[in-house]
Amino acid sequence: MAKSRTSYVCSECGAGSTKWQGQCAECGAWNTLVEFVVESVANGGGPARRGGWAGKVDPPRVTALKDVQHSEDARVSTGIGEFDRVLGGGLVEGAVVLVGGDPGIGKSTLLLQALAQMSSASSGPALSSLYVTGEESLAQVAGRAARLGLPLDGLNALAETGVERILEQAVALRPRLIVADSVQTLWTDQLTAAPGSVSQVRESAARLVRYAKETGAAVFLVGHVTKEGGIAGPRVLEHMVDAVLYFEGDSGSRFRVLRAFKNRFGAVNELGVFAMGDKGLKEVPNPSAIFLSGGSIQQPGSCVMVTREGTRPLLVEVQALVDASPLSNPRRVAVGLEGNRMAMLLAVLHRHGGVGVGDQDVFVNVVGGIRVQETAADLPVLLAVLSSLRDRPLADKTIAFGEVGLSGEIRPVPNGEERLKEAATHGFKRAIVAKANAPKAGSYKGMQVVPVERLGDALEAAG
Ligand code: TYD
Ligand code: MG
């Protein structure tokens with residue numbers, strides 16, 4: 001018979017004890033010892049005996065992870081370098097990728113270009129592919145492809161929205177690549193809900209995901225994001241797919257940014273930059289300078305920062321406009337940044353920098369329609385706000401990056417040296433950064449680096 005005895009363990013630190021105590025002898029926490037029963041395994045008792053007297057034990061269904069067969073992700077190039085970068089270095093076999101974005105931003109164009117490249121032999125092995133269009137006619141797709149001058153050898157198209165018929169064709173054709181444009185038009189016989197409803201979109205997408213996993217074909221799903229947050233928007237699909245890529249960018253600008261929001265095969269927040277022209281989307285392999293406003297004279301209210309989205313540093317300009325407000329509740333508008341973060345930074349500026357903007361409207365904008373999500377933008381935002389408020393430009397060719405804490409400290413951000421290098425490469429002469437991000441020498445490749453520890457130091461450095 002298995003003997004059991006009682007033991008005690010601290011729920012704070014996990015330290016064991018043979019008797020109950022009011023205070024844990026290990027971590028000093030009070031009233032944290034909880035009782036549990038330890039079964040002795042003497043006499044061959046315990047789990048191994050569960051098979052009974054016959055000694056018959058079910059074979060374990062658990063596998064040591066090291067014994068599981070797997071291969072390195074086989075990747076193919078899409079023929080578009082920036083697209084490959086966002087995918088994490090090319091398209092993985094059997095991957096399901098959701099490409100979302102506003103209508104007219106270039107989803108169909110990008111996928112048609114990529115599919116045409118991959119199905120011709122121009123970038124590696126020619127893969128058979130199927131472009132399923134539910135929004136445009138075959139003639140429209142063919143017309144666009146011809147206008148873009150794409151190689152069309154291995155590219156098949158199908159105008160169909162019923163997912164059962166699409167899969168029938170896929171089973172017959174066995175394509176290695178499928179594009180479904182768009183997922184909102186798909187529907188399945190199995191449900192009575194209207195096409196475009198959340199249940200139809202989700203179920204149809206689920207069928208395609210299952211097909212991809214069974215056959216190893218890669219599937220791109222195109223999804224529109226509706227302005228209202230989208231009842232049938234692609235958000236419901238995010239957890240079903242391997243990668244979610246969203247287009248960002250000003251509708252007025254010709255630049256388009258594709259961002260990886262989720263990627264099981266690569267870095268999230270990786271950016272690909274494209275320019276829309278009369279020959280479709282062209283990649284912009286060195287995009288640093290396009291997010292600067294381009295004026296040659298430093299203006300008040302502007303600060304250039306080095307952000308690091310994904311695995312690449314980017315120079316991005318932050319602009320602020322601070323103006324006396326006619327309203328009792330002054331406006332706070334952040335475009336390309338998070339609004340709550342800006343409100344917090346303005347509070348820190350008041351409390352620890354002694355600069356109040358309580359009676360001012362504050363507008364902050366990131367140039368180029370790109371969204372900056374990292375805290376390295378804190379310091380540049382405050383410097384731009386201060387510069388606009390004082391109507392004094394920062395010194396020429398200055399960059400800044402750093403996180404601002406609630407007690408007014410300036411904290412370092414990851415990859416400081418890489419960011420400084422990018423700025424120096426583009427001819428910047430002065431950098432205002434957290435002390436821990438600054439090299440000891442006080443300069444980096446000919447660029448003066450001003451280390452700051454507190455918000456007050458930063459405001460002083462800004463002049
Ligand atoms: P499209 O790929 O159809 O957008 P989506 O599928 O995301 O709705 O892109 C349409 C827009 O792109 C349209 O406004 C026209 C523009 N465009 C160009 O400027 N040049 C081109 O070569 C192409 C094909 C489209
Ligand atoms: Mg489209």
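A residue is called buried when its relative accessible area is under 20%, exposed when it is over 50%, and partly exposed in between, with a 1.4 Å probe and protein chains only. Helices (H or I, at least four residues) and strands (E, at least two) are DSSP runs, numbered from the N terminus. The model is predicted, so that local features need pLDDT of at least 70 and side-chain atom pairs count only at pLDDT 80 or more, while totals for chains, interfaces and linings use all residues. Residues are numbered from 1 along each chain as its sequence is written, chains are lettered from A and ligands numbered from 1 in the order in which they are written, and side-chain values use heavy atoms, with hydrogens and water left out.

Strand 10, which spans residues 218-224, is mostly covered, with seven of its seven residues buried. Ala218, Phe220, Val222 and His224 point one way from this strand, whereas Val219, Leu221 and Gly223 point the other way, and residues of both sets are buried.

Strands of a sheet pair through backbone hydrogen bonds, in either a parallel or an antiparallel sense. Two strands are taken to pair if DSSP finds at least two bridges between them. Strand 6 (residues 96-101) runs parallel to strand 10 and is joined to it by six bridges, with Leu221 of strand 10 as the bridge partner of Leu98. Strand 9 (residues 177-181) also pairs with strand 10 in the parallel sense, over four bridges, and here Ala180 stands opposite Leu221. Together with helix 5 (residues 198-215), strands 9 and 10 make a right-handed β-α-β unit; right-handed means that, with the strands pointing away from the viewer, the path from the first strand over the helix to the second runs clockwise.

Asp102 lies in the loop between strand 6 and helix 2 and, with a relative accessible area of 33%, is partly exposed. Although Asp102 and Gly223 are 121 residues apart in sequence, their C-alpha atoms are 8.7 Å apart in space.

Which elements each supply at least two residues of the shell around ligand 1? They are helix 2 (107-119), helix 3 (138-147) and strand 13 (271-277), and helix 2 gives the largest share, three residues. In total 16 residues surround the ligand, the closest being Gly104, Lys107, Ser108, Thr109 and Gly277, where a residue counts as near if one of its heavy atoms lies within 4 Å. Polar contacts are pairs of N or O atoms within 3.5 Å; within protein, one atom must be able to donate a hydrogen and the other to accept it, and residues adjacent in sequence count only if both atoms are side-chain atoms. An N or O atom in the side chain of Ser108 is 2.6 Å from an oxygen atom of ligand 1, and a backbone N or O atom of Gly106 lies 3.0 Å from an oxygen atom of the ligand.

Glu82 belongs to helix 1 (residues 81-87) and counts as buried because its relative accessibility is 4%. Its side chain reaches the backbone nitrogen of Val273 at 2.8 Å.

Elsewhere, an open sheet of eight strands has the order 17-18-16-15-19-22-24-23, with mixed pairing. Strand 17 (332-335) and strand 23 (443-444) stand at its edges, each with a single partner strand, so one side of each is left without a neighbour in the sheet.
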